[in-house]
Amino acid sequence: MGLSATFRCFRGCDGSYPLTQAIYRCPKCDGLLTVAHDMAALAETSGEEWRRLFDRRWSATSPSGVWSKREWIAPEVPEEAIVTTGEGMTPLVSSARAAGPVRRLASELGFGELLIKQCGTTHTGSFKDLGMTVLVSVVNHAVRSGALDVRAIACASTGDTSAALAAYGAAAGLPVVVLLPRGMVSVGQLVQPLSHGARVLALETDFDGCMRVVRELAARGLVYLANSMNPLRIEGQKTVAIEIAQQLGWQAPDWIVIPSGNLGNAAALWAGFSMARDLGVIDRLPRLCIAQAENANPMYLAFQAGVRGEVPAVVARPTQASAIRIGNPVSAPRAMAALEAMGGVVEQASETELADACARADRSGLYADPHTGVAIACAKKLRARGTIGAAERVVVVSTASALKFTEFKLGYHERTLPDIDAALANAPIPLPADVDEVAKHLV
Ligand SMILES: *Cc1c(COP(=O)(O)O)cnc(C)c1O
Ligand SMILES: [Zn+2]
């Protein structure tokens, strides 16, 4: 088929650069880059043929959901360079299932159909695996073929990016350095890069401060940059959109709701759905809701103020949704374009709202991390306001496993979290080991 993909300027400047080059900004305008595919070559295969091919590959023996779409992602990476942990092909759990864990939640919140895309049920417990398999595979290929010489792959992280990079780097045998804001990631997330042997640098700053440092290290050529400014990440993450359409029988939902910090994932959903539409695999785009924590809401503030260009940075305050505590989102220009193309809106959730959404979801049988809580709380508001209609089909992207956020869960149930009114707290009841005493407390 002769498929190919290159880096191009997101704003459309001339010039294209091989995916094996260490380049993160357009050399002409300093703007973001994007991965451009040879769409004419891809369009030689019909929508119906793509659907059949992807359905055939969705099987128990498929090594990876991401690489089962490889022609649309990074077609020139050879099989032997691919670094995979079996990412993707995660469940899409629907409220239409009578005894499923979304049923009660959906009816409490008044949704016609609510579905949760469980991106946290993956190797390192967050959707970051989807982008990292692509980035590390491309770097692995570039290093093996002599196109690239890297001392280390590096990222700034609110926790999950560093966990994924450390795992994939270890699998490939490539050195990894992660920059974390000291004391601001969960214990579960901190332990992951330590275990995988990454060099963990805990900086006296917040995520935005870590991002500034790692960008400068990359600009000086000291490290290869693995943050989602690097569009290779977006290529893998866009398979979430393609998988959702596939799991709905090659239909777009009416709405897609995504908890957002650096806004790479919002851009990835747009990239995935629009590629599927442009290649005749689906017939329309869903509407997009970017869900932010009220304590880290630069995109929300910009959207409310009618800003459609540059998003003013804010200082992000502490939030239980620590992975989206970002005040200066790198992919804001991509996300603005996504909102425009997808009839999008931006909503926000307070600490109590996100915690309440998690508690309700958990009582329905899900186990929601605080970021998924932000998305559910925002979807709830849009439904209550009528922006989301009663008969519409809504997909909430769950971005991580709640097992990484035990301090949050325990704090909620013990009512020790600041600024959170834990209405559904369920603390353990201490009792003597006495049958009559215990019998009094059964319900
Ligand atoms: C990284 C992350 C996000 C935010 O994704 P962006 O692409 O930065 O907007 C949301 N939730 C979790 C759990 C994450 O790890
Ligand atoms: Zn440019």
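Me: Taking a polar contact as a pair of N or O atoms within 3.5 Å, how far from an oxygen atom of ligand 1 is the polar backbone atom of Gly 264?
Reply: This is a predicted model, in which local features need pLDDT of at least 70 and side-chain atom pairs count only at pLDDT 80 or more, whereas totals for chains, interfaces and linings use all residues. Residues are numbered from 1 along each chain as written, chains are lettered from A and ligands numbered from 1 in written order, and side-chain values use heavy atoms, without hydrogens and water. A backbone N or O atom of Leu 263 lies 2.8 Å from an oxygen atom of ligand 1, while for Gly 264 the distance is 3.1 Å.

Me: Which residue has a side-chain N or O atom 2.8 Å from a nitrogen atom of ligand 1?
Reply: Among the residues closest to ligand 1 are Lys 128, Asp 160 and Asn 265. The side chain that places an N or O atom 2.8 Å from the ligand's nitrogen atom belongs to Thr 399.

Me: Which arrangement do the four donor atoms around the zinc ion (ligand 2) make?
Reply: The donors (N, O and S atoms within 2.8 Å of the metal) are the SG atoms of Cys 9, Cys 13, Cys 26 and Cys 29, at 2.3 Å. Along the chain they follow the spacing C-x3-C-x12-C-x2-C. Because they subtend angles of 106 to 112°, and four donors count as such if all angles lie between 85 and 135 degrees, the arrangement is tetrahedral.

Methods:
A residue is near a molecule or strand if one of its heavy atoms lies within 4 Å of it. A polar contact is a pair of N or O atoms within 3.5 Å; within protein, one must be able to donate a hydrogen and the other to accept it, and residues adjacent in sequence count only if both atoms are side-chain atoms. Donors are N, O and S atoms within 2.8 Å of the metal (3.2 Å for Na, K and Ca); water is not among the atoms, so sites may look incomplete. Four donors count as tetrahedral if all angles lie between 85 and 135 degrees; four count as square planar and six as octahedral if opposite donors are over 155 degrees apart and all others between 65 and 115; anything else is irregular.
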